[in-house]
Amino acid sequence: MTLNDSDGVVTYEVRGTTAIIRLNRPEYRNAQNSKMTYALDAAFTRAVEDDAVKAIVLAGNGKHFSAGHDIGTPERDADQSFERKAVVWWDHVGAEGVDSRFARESEVYLGMCRRWRELPKPVIAMVHGACIAGGLMLAWSCDFIVASEDAFFSDPVVRMGIPGVEYFAHPWVTNPRAAKEMLFTGDRFTARRAYELGMVNHVVERELLEEHTLNLAERIGAMPRLGLALAKKAVNQSEDLQGLRAGMDSVFGLHHAAHAHNAEVGKDSLAGMGAKNMAEAAK
Ligand SMILES: C/C=C/C(=O)SCCNC(=O)CCNC(=O)[C@H](O)C(C)(C)COP(=O)(O)OP(=O)(O)OC[C@H]1O[C@@H](n2cnc3c(N)ncnc32)[C@H](O)[C@@H]1OP(=O)(O)O
């Protein structure tokens, strides 16, 4: 069964006991706007609610897994025009200052990724090509990351004056020194390096990526449902006791200090550099 959301920015397919959700803006390297994020949320919900689905795979169509947040396509989000869905009480504090951006990023970036991390079914990120900034957030909120040899990972947003992506898991999914290297240099970490750091579970040849990931998902899906859900919660709770959740909350404030600084000096944090300049700077 294959279903597309109304705009096709995410596709949904079930094979065996595995739901495969794919980011689908290949022409923009799967740059994420709110339309995609909400479509992704709907796809995850669909997979959770389908009793026949035991595990979920998250992938990207086209050359790359994801180029991160949309910082320049015609459909990119604008804070003031964002159609808020859940953070309704923020609607009552006006929309002239930081509130709009804060509401949007709380919900669409940090909030959604945390919600997906808590899905009661196992989720595997199947990563090929670029997995940059907002792309990391998606991969990190999954339980496993399986990467092809050509995959690379980076968080280059210090170039925009921002201290890392909203879902600030860097020191937990790697280690503090590697996190600083990733942030201070903006360098791309190869799949092998990410594997050595413990960020990635398996690295496989590109041609074998899908087969390997789907086999893994089916194998995991054969485990008892409740056992899996509890084991997932157990590990997530352990990470939170090691400070992940509270750390992210505290860094979210620094993130917004950076946005406020950029606004104060007359820059647009994200669109300011633009995707082309970011791509050029990373070479
Ligand atoms: C807190 C912030 C969080 C964030 O996530 S900020 C976003 C950070 N992301 C980046 O810095 C990635 C920038 N993009 C790249 O480095 C490269 O791209 C890639 C390595 C991902 C892919 O390279 P290649 O395969 O050669 O494609 P291409 O020709 O550079 O891009 C194809 C089209 O996709 C657009 N695009 C790429 N990334 C983004 C993006 N993140 N937001 C919006 N558009 C993007 C380009 O501009 C271009 O578009 P056109 O065909 O119209 O020239």
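Helix axes here are lines fitted to C-alpha atoms over the stretch in contact, and angles run from 0 to 180 degrees between N-to-C directions. Helices themselves are DSSP runs (H or I, at least four residues), numbered from the N terminus. The model is predicted, with local features needing pLDDT of at least 70 and side-chain atom pairs pLDDT 80 or more, while totals for chains, interfaces and linings use all residues. Residues are numbered from 1 along each chain as its sequence is written, and side-chain values use heavy atoms, without hydrogens or water.

**Helix α1 against helix α2**
- Helix α1 (residues 34–49) packs on helix α2 (residues 99–117) at about 25°, and their axes are 11 Å apart.
- That makes α1 and α2 roughly parallel (angles under 35 degrees).
- The crossing of α1 past α2 is left-handed, the near helix being turned anticlockwise from the far one by less than a right angle.
- In this contact (heavy atoms within 4.5 Å), α1 uses residues including Tyr38, Leu40 and Phe44, and α2 uses residues including Val108, Met112 and Trp116.

**Helix α2 against helix α9**
- With helix α9 (residues 244–264), α2 packs at about 155°, with axes 12 Å apart.
- α2 and α9 are therefore roughly antiparallel (angles over 145 degrees).
- Here α2 passes α9 in a right-handed crossing, clockwise in the sense of the near helix.
- Among the contact residues are Arg101, Phe102 and Arg114 of α2 and Met248, Asp249 and His255 of α9.

**Around the ligand**
- There are 28 residues around the ligand, and Arg29, Lys63, Ala67, His69 and Lys276 come nearest (a heavy atom within 4 Å counts as near).
- Alanine 67 uses a polar backbone atom, 2.8 Å from a ligand nitrogen; polar contacts are pairs of N or O atoms within 3.5 Å.

How values were computed
Helices (H or I, at least four residues) and strands (E, at least two) are DSSP runs, numbered from the N terminus. Angles under 35 degrees count as roughly parallel, over 145 as roughly antiparallel, 65 to 115 as roughly perpendicular and the rest as oblique. A polar contact is a pair of N or O atoms within 3.5 Å; within protein, one must be able to donate a hydrogen and the other to accept it, and residues adjacent in sequence count only if both atoms are side-chain atoms.
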